[in-house]
Structure formats: C-alpha cells, structure tokens
Amino acid sequence: MASLKDQLGSLVYSTEKGQLCSGCGEAITECVCTELEDKNRLDNLDGIVRIRRETSGRKGKGVTTITGIPLPEKELKALAKKLKKVCGTGGALKDGIVEIQGDQRDKLKTLLEKEGFTVKLAGG
C-alpha cells in the first residue's frame with residue numbers, strides 16, 4: 001500500500017501534455033492502461049467459456065453470468081449486445097463478465113457453441 005504522500009503527490013496536470021493518467025503517467029490521449037488491462041485479462045483465460053446462474057447479492061433475482069470469453073473489449077460488447085437481443089432481456093458487461101437477466105443458460109450455451117466457443121455450464 002502506497003503512503004499518503006505517494007498517493008497525493010502524483011502529477012495530475014502538465015502544461016506540456018495536459019491532463020495525465022494516474023496509472024501510467026502519460027497524457028490522457030496517449031494512455032495505454034485500458035489496452036494493458038484488456039491484454040492481461042485475455043492472457044489469463046484458459047479458452048473455456050463458463051456460464052453460471054447467480055442470485056447472490058441480487059435480492060433473489062436470478063442472473064446468468066458468462067465468463068472467460070476470449071475477445072477484446074469492443075468485440076465483447078458487440079457479443080453481449082447480440083446475446084441480450086437473442087434472449088430478449090436486459091443485461092450488462094462488467095469487467096469482462098457478461099450478465100444476462102434471468103435463467104438463460106441453455107439458450108446461451110447453444111448460441112455460444114454456434115459462435116465457435118468451448119462452453120461449460122458451471123455451478124448449480
């Protein structure tokens with residue numbers, strides 16, 4: 001954990017570069033933090049897409065979560081939009097995890113297998 005002095009002592013604006021990124025210290029227009037995070041996420045995947053149903057922390061409402069999709073962020077957003085449209089429900093994309101409202105596991109499994117992914121149903 002960085003000290004308070006280190007946390008508050010970083011440069012946030014430069015007259016040469018303008019506003020600076022707190023992660024890499026480069027100008028906001030030249031920041032590469034999001035690309036590095038996306039690359040790290042893709043490197044840590046094992047190639048298996050896991051679909052599970054979750055209710056914890058959602059007041060009993062069931063949500064189908066899909067993890068491990070080996071796609072960059074932009075393509076992942078497009079796939080999430082397509083999955084939501086096919087299921088006819090809402091959902092979200094958070095930190096590389098696609099959330100679809102309701103129990104849609106079987107429908108999503110067949111759809112993702114048609115897309116060419118290796119799919120496993122995880123959890124209960």
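## Packing of α3 and α4

In this predicted model, α3 and α4 pack at an angle of about 130°, with their axes 11 Å apart. Axes are lines fitted to C-alpha atoms over the stretch in contact, and angles run from 0 to 180 degrees between N-to-C directions. That makes α3 oblique to α4 (under 35 degrees is roughly parallel, over 145 roughly antiparallel, 65 to 115 roughly perpendicular, the rest oblique). The crossing is right-handed, meaning the near helix is turned clockwise from the far one by less than a right angle.

L79, L83, V86 and C87 of α3 make the contact with K107, L108, L111 and L112 of α4. Contact means heavy atoms within 4.5 Å.

## Span and faces of α3

Helix α3 covers residues 73-87. Its 15 residues should span 21 Å at 1.5 Å a residue, and its end C-alpha atoms are 21 Å apart, which agrees. The expected span is 1.5 Å times one less than the number of residues.

L76, L79, A80, L83 and C87 of α3 are buried (under 20% relative accessible area, 1.4 Å probe, protein chains only). They cover an arc of only 105° around the axis, so they lie on the same side of α3. On the other side, K74, K77, K81 and K85 are exposed (over 50%).

## Surroundings

The cover over the buried residues of α3 includes α2 (33-43), β4 (63-67), β5 (91-94), β6 (97-101) and α4 (105-114). Just after α3, G88 takes a positive phi of about 75°.

## Basis

Residues are numbered from 1 along each chain, and side-chain values use heavy atoms, without hydrogens and water. Local features need pLDDT of at least 70, side-chain atom pairs count only at pLDDT 80 or more, and totals for chains, interfaces and linings use all residues.

Notes. Helices (H or I, at least four residues) and strands (E, at least two) are DSSP runs, numbered from the N terminus. The arc is that of the directions from the helix axis to the C-beta atoms.
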